[in-house]
Amino acid sequence: MTDDMPIGDIPTGDAFLDRIADRLAALPAVRAVALGGSRARGTGAPDSDWDLGLYYRGAFDPDDLRALGWDGEVSDIGGWGGGVFNGGAWFTVDGRRVDVHYRDLDVVEHELAECGQGRFHWEPLMFHLAGIPSYLVVAELAHNEVLRGTLPRPGFPRALRETAPPVWRDRAAATLRYARAAYADRGQATEVAGALAAAALQTAHAVLAARGEWATNEKRLLRQAGLRGIDAIVTSLRPEPEALERAIAETERLLFGNAA
C-alpha cells in the first residue's frame, strides 16, 4: 500500500526551504519534515505560504519550536482542538509566511492502518465547513514532498473507496433533512445556506473517495467533485419558506444525482 520516500528524493532547489527544514528536523522528537499545500502540488504562487508538516515521535514540546525565535504564534499540543490535527504554528521568516502543522507519527500510522481496513472517523476542525475525515493525515502523506526523514507514500485503499462514500452521503442527506425540518419553514435563509454548503462538501468527499482521490482540504473540493453548481443555488436564497424548500430540493437533485 505504501512506498517510503527517503531524504533527497525531492530536490528543493531553494536555500530558504532547506534552511527551514534543517531547523525543524533538528528539533527533539522530530523524525521527518514534509512540504505540503500548493507548493508541494506545484500550484503555488510566489507569495503562497510554505506549509510544512512536522512529524514527531513521542513527546514533542512546542517550546522547542518557540525557541527557534521566529516571529509568529506557536500553539500547544491540542491547541487546534485535538484529534488528528493537534496543533501547529504560524510564522513569518525572512518576510515569508511559514505554517507548521504538528503530526504525531503514532496517530498518523494508526490512521494509515485504519483506512487500509476501510475505517475512519469524522472530526470538527476550525474553518472546515464539513469537518474532516481522520484519513486526511494519510492524504497528506500521499501529496506532500518529504524534505527530511522518511515517510510512507500511501495509495488510496480499496476498502476505503467502498466504505467512505456512503458515510459521507448519509451525512449530507441528514444535513439537508435537518435544514428542511428546522430552518426552511421558519424562513431562516442563513442557516439553510450553511446547511447547503456543508451538504455539498460532504458529498464532494463522497465523490472523491469513490474515485480513490485524496483531498487535503476544502479549498478545491467542490470543483474537483464537479459540484460548483451549488453556488447558483446558495446565491438565489431568499428568507421565504417556499424559496428555501425549493433550494433544498434543488440541492438534493444536484448532490444525489452525482453518484460516483
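Trainee: Why does Arg 148 count as buried?

Mentor: Buried means under 20% relative accessible area, exposed means over 50%, and partly exposed lies in between (1.4 Å probe, protein chains only). Arg 148 has 18% relative accessibility, so it counts as buried. This is a predicted model, in which local features need pLDDT of at least 70 and side-chain atom pairs count only at pLDDT 80 or more, while totals for chains, interfaces and linings use all residues. Residues are numbered from 1 along each chain as its sequence is written, and side-chain values use heavy atoms, with hydrogens and water left out.

Trainee: What makes the contact of Arg 148 with Asp 18 a salt bridge?

Mentor: The term requires a side-chain nitrogen of Lys or Arg within 4 Å of a carboxyl oxygen of Asp or Glu. The closest N and O atoms of Arg 148 and Asp 18 are 3.5 Å apart, so the pair meets the definition. Arg 148 belongs to strand β9 (residues 145-148) and Asp 18 to helix α1, so the bridge ties together parts 130 residues apart in sequence. Helices (H or I, at least four residues) and strands (E, at least two) are DSSP runs, numbered from the N terminus.

Trainee: Is Asp 18 buried, partly exposed or exposed?

Mentor: Asp 18 has a relative accessible area of 27%, so it is partly exposed.

Trainee: Why is α6 called roughly antiparallel to α7?

Mentor: Two packed helices are described by the angle between their axes and the distance between the axes. Helix α6 (residues 158-183) and helix α7 (residues 189-211) pack at about 165°, with axes 8 Å apart. Axes are lines fitted to C-alpha atoms, for helices over the stretch in contact, and angles run from 0 to 180 degrees between N-to-C directions. Angles under 35 degrees count as roughly parallel, over 145 as roughly antiparallel, 65 to 115 as roughly perpendicular and the rest as oblique. The α6 and α7 pair is therefore roughly antiparallel.
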